[in-house]
Amino acid sequence: MFHFVLRRLASAVPTLFIVVTISFFLMRFAPGGPFNLERPLPPATMENLMRAYHLDQPLWNQYLQYLKNAVTGDFGPSYIYKDNTIAELIGKGLPYSVQLGTYALLFALIGGVLIGTIAALRQNSFIDFLVMSVATTGVTVPNFVVGPIMTLIFALMLAWVPAGGWGDGSLKFLILPVITLGLPQLAVFARLTRGSMIEALHADHIRTARAYGLPAKVVVVTHAMRGALLPVVSYLAPCAAALLTGSAVVESIFTIPGVGRYFVLGAINRDYTLVMGTVVLVAIFVIVFNLVVDILYGLLDPRVRHD
Amino acid sequence: MTDTKENILSVRGLKVDFTTPDGDVNAVKGIDLDVKAGETLAVVGESGSGKSQTMMGIMGLLARNGRVTGSAKYRGKELVGLPLKRLNEVRGSKITMIFQEPMTSLDPLYTVGRQIAEPLVHHKGMTFKQAKVRVLELLKLVGIPDPERRINSYPHEMSGGQRQRVMIAMALANEPDLLIADEPTTALDVTIQAQILDLLRSLQKRFGMAIVLITHDLGIVKHFADRVVVMRRGDVVERGSIKDIFENPQEDYTKMLLAAEPSGTKEPPADNAPIILEGRNVAVDFAIGGGFFTSAKTMFRAVDGVSVRLKKGQTIGIVGESGSGKSTLGRALLRLLPSSGQYHFGSKNISNFDRSAMRPLRRELQLVFQDPYGSLSPRQTVGEIITEGLFIHEPQLSRAERDKRAIAALKEVGLDPAARNRYPHEFSGGQRQRIAIARAVILKPKVVILDEPTSALDRSVQGQVIDLLRDLQDKHDLSYIFISHDLAVIKAMSDYVIVMKNGKIVEEGDTEDIFETPTQNYTKTLMAAAFDLEI
């Protein structure tokens with residue numbers, strides 16, 4: 001197991017290298033630059049800026065310099081938030097995004113598995129139909145519609161919760177963004193669980209468990225659900241990576257100071273270092289969660305144990 | 001059996017119905033059954049006879065769309081319609097079951113020890129820790145070697161026979177009154193089959209439980225059961241003692257079942273018959289393990305230096321248990337997988353032929369598979385399936401000519417030519433195998449390799465397919481390589497037999513010699529296991 005983790009972490013290095021390389025050059029080949037403003041800067045200022053940020057040097061040099069700094073954890077200064085380094089920006093925003101994302105993930109996972117299981121156990125009944133219609137709605141209605149509507153109803157009309165902001169990070173501030181962020185994922189988990197649960201309940205070994213008079217709860221939870229969770233666990237990695245690295249839309253709607261907006265702002269402003277920083281951040285999250293999921297998978301299914 | 005023993009299970013007017021989109025299906029149409037304490041009752045029938053569904057109905061294990069009505073009393077207690085909680089007091093405690101597929105009947109995610117313990121935990125109120133002693137005892141009882149270690153094994157770490165032993169251990173855990181065995185040995189090799197049946201018999205002697213044996217295999221019934229119930233299409237056709245049924249069957253259907261064991265022999269071809277397909281020192285290696293970047297950890301030799309010579313008009317039977325390499329050998333002879341050795345087809349040396357060089361020869365070298373469900377594309381009509389080969393090998397044919405050939409081929413295999421506009425799922429297993437054969441013969445091949453062509457079929461259907469294969473052989477002077485684990489079929493079909501084990505030939509010779517005077521111990525064991533059970 002230890003060797004498996006080491007091996008996987010070692011294989012993350014080339015992955016990160018490729019991600020950094022591709023995004024570095026893609027960014028540079030995109031038209032425009034960080035200092036191309038609507039009102040062009042005087043050429044002299046522009047020249048000074050370019051020199052100050054080493055943008056006047058050949059691309060290869062810049063690339064090698066970036067790599068060298070990145071290895072030591074220095075992702076450079078931001079071009080638009082001029083007083084901050086990328087590390088500072090992410091360091092400030094990430095805890096909010098991670099916290100919000102974790103709640104959203106738990107909400108989606110627990111809710112989705114529960115709903116999916118209920119639907120599977122009542123396959124083709126009214127409850128199944130109802131639950132799955134709601135789930136489909138969850139996927140199809142975009143969060144920039146769900147968010148404002150919920151704000152309108154629960155914050156403005158009913159005034160149960162604040163309309164936005166982080167406040168002290170308590171439940172009343174979090175509940176709307178968590179639901180908005182988690183709802184589409186909850187729907188995906190519900191669909192996945194329902195499908196694999198229906199299949200699991202038809203398995204021969206479930207018939208065996210029933211034939212041996214095991215209580216219904218044991219049959220469903222111990223025997224059917226453990227197998228049915230395998231595809232759900234597989235989906236956990238991309239889902240966790242997406243939720244925990246913040247959502248530009250949800251964070252903007254609820255004015256939460258996370259890292260989600262940096263993706264958009266960085267890309268629009270050609271803030272090279274900010275875009276690179278967020279890309280590396282997402283890549284690391286994806287790699288880590290894939291590893292976590294593989295370990296979880298091994299714990300759930302003895303046939304794929306890593307030794 | 002004495003009639004004085006009490007009935008532990010009495011079934012009266014039991015019906016099982018399934019609601020399907022095409023209307024209700026009456027799987028069991030009101031049958032009566034009695035099982036006496038300590039006896040073995042065999043419920044015999046072909047697929048679709050309702051023999052399994054009867055027991056599933058009694059045990060409350062029907063599929064969601066199934067309904068059971070009538071009465072099934074266990075020691076006076078009505079089981080039909082019993083609330084789940086009450087039914088669960090009986091299932092797994094007083095009445096237990098073992099199933100056909102030991103591969104899938106155990107949960108792959110839990111150790112066998114835990115699974116055997118579960119009935120103890122839920123019925124006897126033990127903790128898993130307390131149950132462990134009893135589980136070890138049970139594993140020993142069913143002959144699992146090294147139980148202290150095996151108790152922590154997962155099902156995928158065990159062989160099919162061992163898994164079935166684990167199922168039996170689970171069934172015995174609470175010392176039941178009645179054990180229902182649903183085709184317990186069908187998925188197992190013959191030697192393993194004999195061991196499992198021996199085990200069941202000795203355990204029955206020791207613990208005195210009654211056994212209901214559900215099977216299609218009359219060979220097992222004769223040696224194992226006290227009484228027989230013959231079922232067909234949801235009804236009981238005939239019932240009686242073993243002696244009555246086997247020596248003096250009353251009903252035509254029973255007689256047909258008894259006669260359905262494959263019979264006849266095949267004359268060897270003339271001595272001067274030319275050799276049509278030959279493989280010398282055939283060897284096939286498979287890589288085990290290894291990933292995309294890492295090289296394979298070990299090589300597994302599936303076929304190890306085997307030589308086969310097939311004469312024109314000959315049928316060579318290749319016998320062996322699962323993992324013996326018999327199917328791999330068949331594919332290697334057709335050059336369908338990478339293998340070493342010298343190969344000749346007629347006068348051509350095809351040892352170095354690659355895929356494209358082999359392609360023109362393919363029409364003369366055909367293959368028919370075991371699984372008539374999996375080997376026909378569900379999205380093509382039967383006509384498209386059987387004429388597909390003509391597109392490649394006789395592209396000059398017009399549509400009308402192809403259609404004519406399809407009609408002729410279907411007639412030849414005994415199917416209605418109208419079948420060509422229908423899809424495979426509309427046909428029964430036997431009919432599908434006929435379609436697969438039609439697909440091979442439409443190309444007018446010289447050699448057909450038959451890989452377990454009858455193993456998935458009921459005995460009565462099996463007989464028909466064998467007759468068909470014989471007719472086709474006579475008519476077109478075909479040469480067959482007949483691969484099977486079923487010795488009775490091999491005996492009836494082939495004039496030369498090769499016995500394989502672990503990729504090597506154990507023994508080979510004329511069919512009569514191999515069956516009458518086998519010289520190798522392995523062959524003798526195989527024969528004993530198969531024919532001790534034969535009628």
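This is a predicted model: local features need pLDDT of at least 70, side-chain atom pairs count only at pLDDT 80 or more; totals for chains, interfaces and linings use all residues.

Reader: Where in chain B does UniProt place the feature "domain: ABC transporter"?

Author: Residues are numbered from 1 along each chain as its sequence is written, and chains are lettered from A and ligands numbered from 1 in the order in which they are written. UniProt positions are given in the numbering used here, with shortened feature names, and annotations may be inferred rather than shown by experiment. The UniProt record, an unreviewed entry, puts this feature at residues 11–258 and 277–527 of chain B.

Reader: How much of residues 11–258 of chain B is helix, and how much is strand?

Author: Helices (H or I, at least four residues) and strands (E, at least two) are DSSP runs, numbered from the N terminus. The end C-alpha atoms of this span lie 26 Å apart. The span is 39% helix and 27% strand.

Reader: Which residues does B:Arg12 touch, beyond those up to four places away in sequence?

Author: B:Arg12 sits in strand 1 (residues 7–20) of chain B. Contact here means that the C-beta atoms of two residues, placed from the backbone, lie within 7 Å. B:Ala72 is 60 residues from B:Arg12 in sequence, yet their C-alpha atoms are 6.3 Å apart in space. The residues that B:Arg12 touches are B:Asp32, B:Gly70 and B:Ser71.

Reader: What is the phi of B:Asn281 near?

Author: B:Asn281 belongs to strand 11 (residues 275–288) of chain B. It counts as partly exposed because it has 13 C-beta neighbours inside 10 Å. Its phi is positive, in a residue other than glycine, and near 50°.

Reader: How far apart are the C-alpha centres of domain 2 and domain 3 of chain B?

Author: Domain bounds come from an automatic or database domain assignment. For chain B this gives domain 1 (1–94 + 177–259), domain 2 (108–175) and domain 3 (275–288 + 300–531). The distance between the C-alpha centres of domain 2 and domain 3 of chain B is 41 Å.

Reader: At which residue does helix 4 of chain B bend?

Author: Helix 4 (residues 128–141) of chain B has 14 residues and reaches 19 Å from its first C-alpha to its last, close to the 20 Å expected. That expected span is 1.5 Å times one less than the number of residues. The bend at a residue is the angle between axes fitted to the seven residues ending there and the seven starting there. For helix 4 of chain B this is about 25°, at B:Arg134.

Reader: Which residues of helix 4 of chain B are buried?

Author: What covers them includes helix 3 (112–124), helix 5 (147–150) and helix 6 (160–172) of chain B. An α-helix has 3.6 residues a turn, so residues three or four places apart point the same way. The buried residues here are B:Ala131, B:Val135, B:Leu138 and B:Leu139.

Reader: Which helix of chain A gives the largest share of the side that touches chain B?

Author: The contact takes 19 residues from chain A and 26 residues from chain B. On the side of chain A, helix 8 (204–211) and helix 9 (216–244) are the elements that give two or more residues. The largest share, 6 residues, comes from helix 8 of chain A.

Reader: How many helices and strands does chain A have?

Author: Along its principal axes, the C-alpha trace of chain A spans about 85 × 55 × 30 Å. Of the 307 residues of chain A, 35% count as buried. The chain has 12 helices and 0 strands.

Reader: Where does A:Asn124 lie?

Author: A:Asn124 has a positive phi of about 65° although it is not a glycine. It counts as exposed because it has 10 C-beta neighbours inside 10 Å. Its place is the loop between helix 4 (86–121) and helix 5 (126–140) of chain A.

Key: A residue is buried if 20 or more other C-beta atoms lie within 10 Å of its own, exposed if 12 or fewer, and partly exposed in between; C-beta atoms are placed from the backbone.
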